[in-house]
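Trainee: I am new to this model and would like a close look at a single part of it. Could you pick a stretch, walk me through it, and then place it in its surroundings?

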Amino acid sequence: MNILEYMKDHFVFLDGGMGTLLQEAGLVPGEYPERWNMSHPDVIQRIHRSYYDAGTNVVLTNTFGANCFKFDDAELAKIVSAAYANADAARKTSTREGEKFVALDIGPLGRLLAPYGDLEFEDAVAAYAKTIRLGVAAGVDLIFIETMNDSYDTKAALLAAKENSDLPVFVSNAYGSDGKLMTGARPAAMVAMLEGMHADAIGANCSLGPKQLIDVMKEYLAYASVPVLIKPNAGLPRSEDGKTVYDVLPEEFAEDIKELLTLGVRVTGGCCGTTPDYIRAVTDMAQALTPVPVTDKGRSLISSYTKVVEFGSDPILIGERINPTGKKRFKEALRSNDIDYILGEGLKQQDAGVQVLDVNVGLPEIDEPAMLVNVVKELQAVSDLPLQLDTTDISAMEQGLRCYNGKAMVNSVNGKQEVMDAVFPLVAKYGGFVVALTLDEDGIPEDADSRFRIAQKIIARAAEYGIARKDLIFDPLAMAISADTKAALATIHSVDRIRHELHANTSLGVSNVSFGLPERNIVTSTFFASVLERGLSAAIMNPYSVEMMNVYYAFRALHDLDENCADYITYTGTLEKMVPQSQTIAKPEGDSTASTSGTSDLSPLKNAIVRGLKEKAGAITAELLVDHDPLDLVQTEIIPALDIVGQGFEKKTVFLPQLLMAAESAKTAFEQIKAKMPSSENESGPKRCSVVIATVHGDIHDIGKNIVKLILENYGFDVIDLGKDVPAEVIVEKAVEVHAALVGLSALMTTTVPAMEETIKLLRVDAPWVKVAVGGAVMTQEYSDQIGADKYCKDAMDTVRYAEEVEASLGA
Amino acid sequence: MIHLDDLYLSDRQTAFYTEYDAPPVRRGEILRYSGIPASFLAPTDFGPDGSILRLLRERCARCGKGCDLSMNQGATEDCPTDGEDLALRDLIDEMLSISAPHFTYRIMYRLLRLGETCDNPQVRDRLLQSADLKKNLSGCDSALLFAATVGSGIDRFIRRFEHTEPAKALILQAVGAERVEGLCDRFNRDVTDAATAIGRKTHPRFSPGYGDLPLDVQPLLLTMLDAERRIGITLGSNLLMSPSKSVTAIIGLEAPN
C-alpha cells in the first residue's frame, strides 16, 4: 500500500532518535554517522528494526547529513544505497505486523543561502537533487525533509524532491522557543509555501519537547489542509550525574503526543533523546484513538520568508508603485539597473502601510526575466512583505516564482485558454495565489454576467491543474467611467457576485475608474469605498494617496476589522504629524531650528546637511529650487556644507556616524536637484573623473566600501561600484572600459589581501594609467606598500582627497 | 543556569543549549563600535546616556564658545554644532527600537577537558597548536567552548539600509555587535559564577581570529557545539559566520587548588 493511501485512514508513526543511540554504540563526536551505514550495518539495522518492532510505520534512512558538501560523489552513492539497504533489511526482519515504509531522510546542507550566506539557491537545489536521485534509485517509498531551520533552504529541498521524483514528500521544520524558524518564519508562512508546492505532510521536529511545540502545532492545524506531523525531542537535555538526560520520559511523552493527536495531528514520532521505548509508548497509547479527519481549511494565503498574508474579509493593500508605466524616473532606473531606486520604492510603500508589493519590471528593451529575478531576490532580502509578480512574460514568471522565498501572488492569468495553459502549470509547481482577470478571447465583457461566467470557466480550468479556488483572486476589471458611465456599476456588480455566489476573492486596480477625469482621487476613493462594501478582498493601489488610505482605515474601523479602532487612531496620528512638517517646509527662510538653538552663521540648507537632518535638507532644497539655479545650489550650499563636515572629520571633531548622516542629507538634497533636471547629462554639477570601487574577491562585507562610495558621489565623482566579492578580472575589465582614473579596493580580512595584490598586478598590466587606492579594516600603510598600491586611504575622506589629487594631476 | 559540576561528572561531553533575555543596552559600546574613539567614551557619571553627553561636553569644551550642551542648557548665540549629536542619539534610539524585536539570544556550550581524560584529543590538539591560546589556557585543566548568536534578523536590517541609508546600517552594525558581545558577557558571567561555586577560576575568553588562533578552527568548534542545527550558525566558504552577529569562544577553567 502507498503511504498516502495508508495515511487516509490511519495515524502514521515515524521512528525516534538515531544520534544518541549511535553514540551509545560508540560513535565518536565529530565522526560522520552516515559512514556507519557501511562500517557498522549491523548497528544501523538493529536500531531501525527496534523502531519497526515498536510500531513505527516509517523509518528514516541514516542519511541526515548525506550531501555532496560532506562526501564526494562516489561515497555519497555508497552511503545512500547502503542506508536504504539497512532500512529495508530491518523492515524485512521486523517481527511486528503493520505497514512499513522506508523514507529517504534529508537534513539541511549546513550552509546558509545567499544573500545572507554564500550558497546560491540553485546550487542548493542541485545539491539536494543529488541525494534525492540516489534515494529514488535505491527504492525508497517517500522523501522526508526534516530539521530545516530556514524557509528558503526548505524550498530548495522540496523543489529538488519534486523535480527528481514522483514520491510523496513530507516536510518538517525546526522551530525555536519563540515559535519561529531561525530565519524568522512562523508556522503559517511555512504552511502557505509548502502546501502551495504540494508537500504531502508538513510539520515540526527537533529543537523542543512536545509541550513547547503545542502552539506551533495549533497554528499548523489551523492553516493546513494536508496532514500535520510532529517529531519532537524528549523535552530538553541536561546533564545529570555525568549523563545527558532528557526531561520527558516515555509515558509523559506519549501523554503529550496524545493531546496533539486529539487536536488533529496525524503523523508522529520522536527526535533527539527519544528511543524505541518512546515510540512503543506512543503506538500503544494511540490504539485507543481515532484519527481526526484532515479537512480543507479553505484559507487564501501568501507568504514571505517570515510573514503570511491572508485574503478574505479584511481588505489587503497591494502597492502599485514598482512599475515603470508612465514613470520616467522608474524607467531610467530599470535601464541603468539602479536596483537601489527600485528597492527604495518598495520600502517606502511598506512604510506607507501596504501589505503586499506588486513587482512589475517589464520594459521592451531590457531582459525582463533576469531583471525580475534580480529585483525579487533583492527585495525579499530587505523587505518582509510578500510580493506579487506582475508580468506577462511566462519565462520571467517562472524564474521569479522559482527564486521567490515563500508563496507569491501571481499577476496574472485570464480566461484565454492559451494563457491559462501557460500560467497554471507554473502555479501548480511553485505554488502561488493567482490574480485572474475576467477577460477572454473576446475581450473584456461589458456586463457583470459575462465576467461572472469567465470567472466560473477559470475556476474549472484551474481545478484541472490541481489549483483550488482558494488560490485564485478575481480581478473583474475597473474601467474608466469617462468612456462609459455604466463601467463602474458593471465592476461593482461583478465584485458582489464573485464574492457572494462563487465565494471567491476579488482584487481591483481601482484607479483606472477615474481615468480621464479631473480630481481623480475623489472618484477613485469613492469607488474604492463602494467596492469594499461589496466585499472586495484586495486593491492594487497607490499608498501615497491620502484619500485612499482614509477610506481603507475608516472602512476597517467601520466593519469591525480594527480592534479598538487602534489602527485607525495610529493612522490619524501620522496624518497630524504630517501637518506641522509641511508648515515648516512652507517657510524655509523662517528657519525654526535656528531660533530654538541659537543663530548659526550657516544657511538653513547647510545647517540641515551639517546636522544630518535628511528630510529637512530635502524639503529646504525643494523650496530653494523654486527660485534658485540647481547648479548654483550645489556649488554654494551643498558642497560647502559637505566640506565643513569633511574637515571636521579630518580634524576628529566629527565622527563616522555624523559624517554619514551629513552625506545622506546631502544625497537627499541632490535627489531633489536631480528630479528638477531628470534628462540632463550633468546631473549634479560638472561630472568629475571616474572611480571604480569594489570589495575584492573572497570578501563579502562591504559597508566600508559603501561609505566611500556615498562620500565620493557626494563630491561629484562618477563612481562605478562593482559590489563585493569581485574577481580581479572583472575589476580590470571595468577600469579599462570606463578608462577609470582611480580604482579603490577594499578588504576586510587578512585572507583576502592576496586577492587585492593580484588585482593590482593585473591592473598594472592592462590599465597602466590607473591609480590604485586601498583601504578596509585590515589595511595598513605597510600592507599597502607591500602589495604595490599607490595610496593607502584610512577612511572615506582620505579617499576623496586622494581622488581630488589624482584628478588635479590629470588636468595638469 | 549552568551546572558546571554536572558537566565535570561526565566522561563523554555533549553540547547544551541555553537562551537569555535581552541584556541591558550599553550605548557607549554602540558609539564605540560605530567609530567614535574610545577616548570620548570613558566611564562617566552622566547616567544611561552618559557617553553621548560626555561627547557633547568634550566638544563644547573644545569649541570654547562657553556653552555646555550636555547640561541641557542650550547653545549660545554662535555655537557651531548645536543639536547635531542629538540627531545621532535619535538615530541610535530608532535603530535600537526597530531591531529589538528581531534579536534572539541563544548559546550552545560544552566542556572540553584538556588533560588525559579529554574525550576529543584531536580537537584539543588542533586548538592548542595556537601558542597564544595555549598561553591563555596555561594552568587550565579544561575549557568551556561556546557559540553565541543574536540571530539573522539584524543582518536583514543592515542589508535593507546599507545601500540607501548607510548611517543606519553603520549604527545597526554597531547595535548588533554590542548585542552579541552583551550576550557573551552575560553568559561569561554565569560561567564565572558557576566556576567560582566549585572553586574554579575562569580565564578571559578567547575567540578564533585572536592572535594566532586561525579562523579555520571554526568548522571544528561549530560541529562540536552542534551550533548549525541547534542555533543556526553556518559557515561560508570564507569561514565567516552567518548570522554575522555570532561569536565562538573558549573560556579556560583552572582546576581548584
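A word on ground rules. This is a predicted model, in which local features need pLDDT of at least 70 and side-chain atom pairs count only at pLDDT 80 or more, while totals for chains, interfaces and linings use all residues. Residues are numbered from 1 along each chain as its sequence is written, and chains are lettered from A and ligands numbered from 1 in the order in which they are written.

Now the surroundings. Chain A has 31 helices and 25 strands, taken as DSSP runs (H or I, at least four residues, for helices; E, at least two, for strands) numbered from the N terminus. Its C-alpha trace spans about 90 × 75 × 50 Å along the principal axes. Of the contacts in chain A with a separation of 6 or more, 75% are accounted for by residues 24 or more positions apart. Buried residues make up 53% of the 812 residues in chain A; buried means 20 or more other C-beta atoms within 10 Å of a residue's own, with C-beta atoms placed from the backbone.

Some of these take part in a nonpolar core, a set of buried Ala, Val, Leu, Ile, Met, Phe, Trp, Tyr and Cys residues joined through C-beta atoms within 7 Å. The largest such core has 191 residues, and I143(A) and I202(A) have the most contacts inside it. Helix α5 (residues 73-93) of chain A gives the largest share, eight residues. Domain 1 (3-286) and domain 2 (300-544) of chain A each supply at least three residues, with bounds from an automatic or database domain assignment. Leaving aside residues up to four places away in sequence, I143(A) touches residues including L104(A), I132(A) and V169(A). Another core, of 140 residues, lies apart from it, with F103(B) and L221(B) among its members.

Finally, chain A meets chain B through 53 residues of chain A and 56 residues of chain B.

How values were computed: A residue is buried if 20 or more other C-beta atoms lie within 10 Å of its own, exposed if 12 or fewer, and partly exposed in between; C-beta atoms are placed from the backbone. Two residues are in contact if their C-beta atoms, placed from the backbone, lie within 7 Å.
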